[in-house]
Amino acid sequence: MQSSGPIAAFEGVSVQYGNVTALDEVTLEIERGEIIGIVGESGAGKSTLLNLLDAATHPTDGRVVIDGTDPQRLSGREIRLLRRRIGMIFQGFNLLGNRTARQNVALPLKLQRTQDAALVAELLDYVGLADRADHYPAQLSGGQKQRVAIARALVTRPGLLLADEPTSSLDTRATEDVLELLAATRRDFGATVVLVTHELDSVAAIADRAAVLEDGALRSVFPVARSAARERRDSYLEHAQRVLGA
Amino acid sequence: MSGFLDSLSANADQIGIAMAETGFMLAFSLAAAVLVGLPLGVVIYLTRPGGPKEHRPIWAVANMYVTVVRSFPFLLFVVFLIPLTRLLYGTTFGTGAATFPLCFVGIALYARLVEQILLEVPSGVLHAARSMGADVFQTVVHFLLVEGRSGLVYALTSASISLISYSTVLGIVGGGGLGDFALRFGYQEYDYPLMYSTIVIVIVCVLLLQTAGEKVSAVLDKR
């Protein structure tokens, strides 16, 4: 990764799928080392924006620059190399069910024809699953699966971590664990975190800035206020009372 | 009952030979299914319209092969292939030459089953592969085949049972085997006890295969 300039930039980016405008002239810079929340309702263009960052989609208009390069100018092989410097976690975890936690975490290294058993063990320990290393995903809870997925994303030491609705299928406590881990990831690995979600609470908990998408347009980008909930760890009762207003 | 046992023991040697012939035909056609049918199924999956590596011409040819071979009445297919068999083997007769058409069927059968199993691998697995910068070969080897492995073993079991069934037709080109034995020495010699006991042997073999396939498949499935 380069060391200066934004890690990713959208310059007047539009994406059309046939007659549908998925993104409409979006201009946004993602700064190195920040945690930015991309929020919006379903269909607002969050997934399209994420696909652009993963070089899975290219803009119809405008330009995307990721770490100093325009993915549209890269060959297939160069795009694969770029993706190896970007970590990604998903709503559905997308772990391999027939591989243990340890094997899942080691997989990105295997694809690069290297291995580092010590790093894999260290990361499993970092996400608090050292004792579950040889379990299969089916033997883990949702929160644990997402933590394995985070370890897998970190194993290549990415400068950019894309999180696609990472907590949307998790319960409250697991959500807190995963968010804490994402915040720690920035602190301990210096990764820039792009948190794409419809859950405003998650963004309030860890993000520095929020970018709001509506109907494919970027409506506003603003700093996230430090919420009280951010510093404390609610019990389930406290969380229920806060949400339900008891 | 004693009639069955008598006819079995009287023909034990020949039944042994017939079993070996069936085993030979099955082994070769299964090897073809794995070595050619598996890659072919992967190619059909990858190149299909809307697939990860869409390529209409390749898909059309591969898919057409599978469809034609699977819909060809097998008896006629064996006859149809006789010129090619003669060209390659120098003969059209005997267990070796008879295995040739069976290999074509094994490839087509297994390719279709492989395609169907890969279609059922969750799309999230492909997303994960893409996000890690996996190339096509890595996506197949480290993701698709890993997640589909129990299904692939189970499908191979089904394919082998179908192949046993297909192999009984190969008596017409001197393929031998249990089916041919039951027909010629049982049915045509009016030795019904021998025919039925041979059929029972076939059924037992199939049951053993099926059970073994289910066991291996279950052990491989950690999902």
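This is a predicted model: local features need pLDDT of at least 70, side-chain atom pairs count only at pLDDT 80 or more; totals for chains, interfaces and linings use all residues.
Local features need pLDDT of at least 70 and side-chain atom pairs count only at pLDDT 80 or more, while totals for chains, interfaces and linings use all residues. Residues are numbered from 1 along each chain as its sequence is written, with chains lettered from A and ligands numbered from 1 in the order in which they are written.

**View 1. Where chain B meets chain A.** Chain A brings 20 residues to the contact and chain B brings 18 (two residues are in contact if their C-beta atoms, placed from the backbone, lie within 7 Å). On the chain B side, helix 7 (123–131) and helix 8 (136–167) each give two or more residues; helices are DSSP runs of H or I with at least four residues, and strands are runs of E with at least two, numbered from the N terminus.

**View 2. The largest nonpolar core.** Here you can find Val194(A), Leu195(A) and Tyr110(B), which touch the most other members among 122 residues. Such a core is a set of buried Ala, Val, Leu, Ile, Met, Phe, Trp, Tyr and Cys residues joined through C-beta atoms within 7 Å. Buried means 20 or more other C-beta atoms within 10 Å, exposed 12 or fewer, and partly exposed in between, with C-beta atoms placed from the backbone.

**View 3. Ala55(A) in its loop.** Look between helix 1 (46–53) and strand 4 (61–66) of chain A for Ala55(A). Its phi is positive, near 60°, in a residue other than glycine. Ala55(A) is buried because 22 other C-beta atoms lie within 10 Å.

**View 4. Arg157(A) in its loop.** Arg157(A) sits between helix 5 (142–154) and strand 6 (160–164) of chain A. Although not a glycine, Arg157(A) has a positive phi of about 50°. With 12 other C-beta atoms within 10 Å, Arg157(A) is exposed.
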